[in-house]
Structure formats: structure tokens, C-alpha cells
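Thanks for making the time, everyone. I would like to walk through a few local details, so please have the model open as I talk.

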Amino acid sequence: MDANGKGGRRPNVLGVHSIDHFALEVPDLEEAKRFYALFGLDVRDNDGTIELYTRGNPHRWAILSQGDGPKRLRYLSFGVFDDEMDAFRAHLDTRGVRYIDAPAGAESNGLWFEGFDGLHVNIRVAGKSTPDEKSQFSFTSAAPGTSGAVPNSKAPKVYPRRLSHFALFASDVPAAIDYYEKTLGLRLSDKSGPAVAFLHGAHGSDHHLLALVMSDRRGMHHNSWDVGSVTEVGLGGATMERAGYGPGWGLGQHVLGANYFYYVRDPWGSYSEYSADMDFIPHDVDWPAGDHPPEDSMFLWGPNPQPEFIQNFEPAPGTETAA
């Protein structure tokens, strides 16, 4: 694939191709380092912030900075192809977005504007970090007469391969669907009434690169990370729970997206998810989006989530510190 994504790109369609990175403000950077390093990410210090990478991948997936209050989502940055930046600027002009300066400490490149629910959004030229094909998934079974047991003392470390998707709380999910489709060019994959929705990229992506969860205000519900097997999903979740990060939710399998999951509760009440074998939507496939009843929209099997799983712990707009 060339720099403009010609190997996996829907022709004559303007749309972001990836979530380039997300930015959080947390009350304790040292605790964030411990959490994300144990989760299996490559955590790097950079000028008073920490950045999240995945093992062996040069892409920076997140920036975390120190704050004085509760954890909060600072902004989302989306990647576009380098030959469509001018077209995106013209498109945003027609949408009447309110342009803003880059938040304090953030890189100023690209376009910055106020998005849905007032979330700061950045669009920048970036390489396509969303895959062009379904991620590899494996299941290994022991042959007859041999043992498949792995002792806990020799259990392998789980290392996520990439950011799979990001889930946002939104004050009005149907309105947010309309916004992200018309402003960023995302496409609805599936939804369940006004409660939850899943959107994919037109240029090829997993079943969802952005999820929307009903709340009374914006915030991060979870960040999700791709791994290569059910064993890695379960082992990662067990490792984190044994270390005191819980209660989580899993092991289970979702209906919409069909991925295996384990959600690890972070120190601030939101989640990081191990995800494997999610449905993939190629750039040349028109996915038949559906509106599903609640029993067909959350999980096929697995334990019931804790009641606080969909609680938004981030501060309401107007009560947060300045960005």
C-alpha cells in the first residue's frame, strides 16, 4: 500500500481512515505507567507525559498527561490520507465546525475543532494504522496423547498488537451517529436503539473503530487492544485481575463484532479491553447495518457485567480543568 492508501481505499469517498491516537489526563501518571505496562503495552516517557505503543510497532497510540482532577478524555486524533487534507478542510467549512487551537501540550499539526459534545477533535495526515485485512487469529489444541497444560509459573506475557477501537460516552447516540458519519465519514456498522452504536471506516477497518455508549456527557468508556487468541484474552484479563485491577468483565464473546473480550477496569473507573477475532469490513464491502434488540447487541456468552460497567466517572463539562 502506498502513502495514500491505494492498496485499501474506497475511491471517491472522503473519510478518516484510522484513530491516530487518543489523549487522556489522569491524576497519577505513575499509576498509569504500572497499569498499562502490566496490560502489555510499551509505555514510554516523553517530556512530562507518557506515550503508549505496542510491542514492535512504531505507531504511538495514546498520550497521557498529569492532571489535578479525575481522569478525563482530552481529545481524539484521526488520521487521513495526505492527498485529501485540503478536501477535508473544505468539507469541515461546509459543516460549520468551530475551529480551535491545539490543547495545551498537544501537537498543533492538522486541523483542530470542537466535535460532538464539545470533545476536542484533531484531523491530521497520518499513515493508516487501521488494518487492511482481518487480524490473524489462532487456536492451538494439544494432539492426542500429549499435554496442552501451561503452568502458571511459565505462562507467557500478553502483548497487544495494536489499538483495535475506542469507545466514547455520548449524550445522544443517534445524533452522534449522524455527526460522525457526516463530519468524519465514518459508517454505521450496527446499533441497538439509542443505547449503543458501532462505526467503521470507509477505507477498511474492523467492525468498529469507534463505539458510542449512551451517557449524560462525553468521556472515555474504554480503549480496546487487539490480541491473537482466546487464550491471550483470558490470560491477559486474569493477570490484571490478580494484580488487583478489577472487577473486570469477561471472558466472553460479543454479538456485534463477534470478538472475544475481557475488559480490565483501570484505576479511574473506565476500561481497557483485550479483544480478539473481531469481524472485519473491507473497503469494498457495504456492510448491512442493523438495529438490534438489547439481548442481541451485547454478548453471546460470558458472565454478566458489573452494574457500574456503563457508568461514566468523568467530570461533567464545565467542572473540569482547562484543556
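Predicted model: local features only at pLDDT ≥ 70, side-chain atom pairs only at ≥ 80, totals over all residues.

Not counting residues up to four places away in sequence, His21 touches Arg60, Trp61, Ala62, Ile63, Tyr75, Leu76, Ser77 and Arg124, where contact means heavy atoms within 4.5 Å. Residues are numbered from 1 along each chain as its sequence is written, and side-chain values use heavy atoms, with hydrogens and water left out.

His21 sits in strand β1, residues 18–26, strands being DSSP runs of E with at least two residues, and helices runs of H or I with at least four, both numbered from the N terminus. His21 has 0% relative accessibility and therefore counts as buried, which is to say under 20% relative accessible area with a 1.4 Å probe, protein chains only.

Turning to helix α1, residues 29–39, the buried residues there are Leu29, Glu31, Ala32, Phe35, Tyr36 and Phe39. Seen down the axis of α1, these buried residues fall within an arc of 150 degrees, so they line one face of the helix; the arc is taken from the directions from the helix axis to the C-beta atoms.

At the start of α1, a side-chain oxygen of Asp28 reaches to within 3.0 Å of the backbone nitrogen of Glu30, and just after α1, Gly40 takes a positive phi of about 115 degrees.

Definitions and conventions: Buried < 20%, exposed > 50% of the residue type's maximum accessible area, 1.4 Å probe, protein only. Polar contact = N/O pair within 3.5 Å; in protein donor to acceptor, adjacent residues only side chain to side chain.
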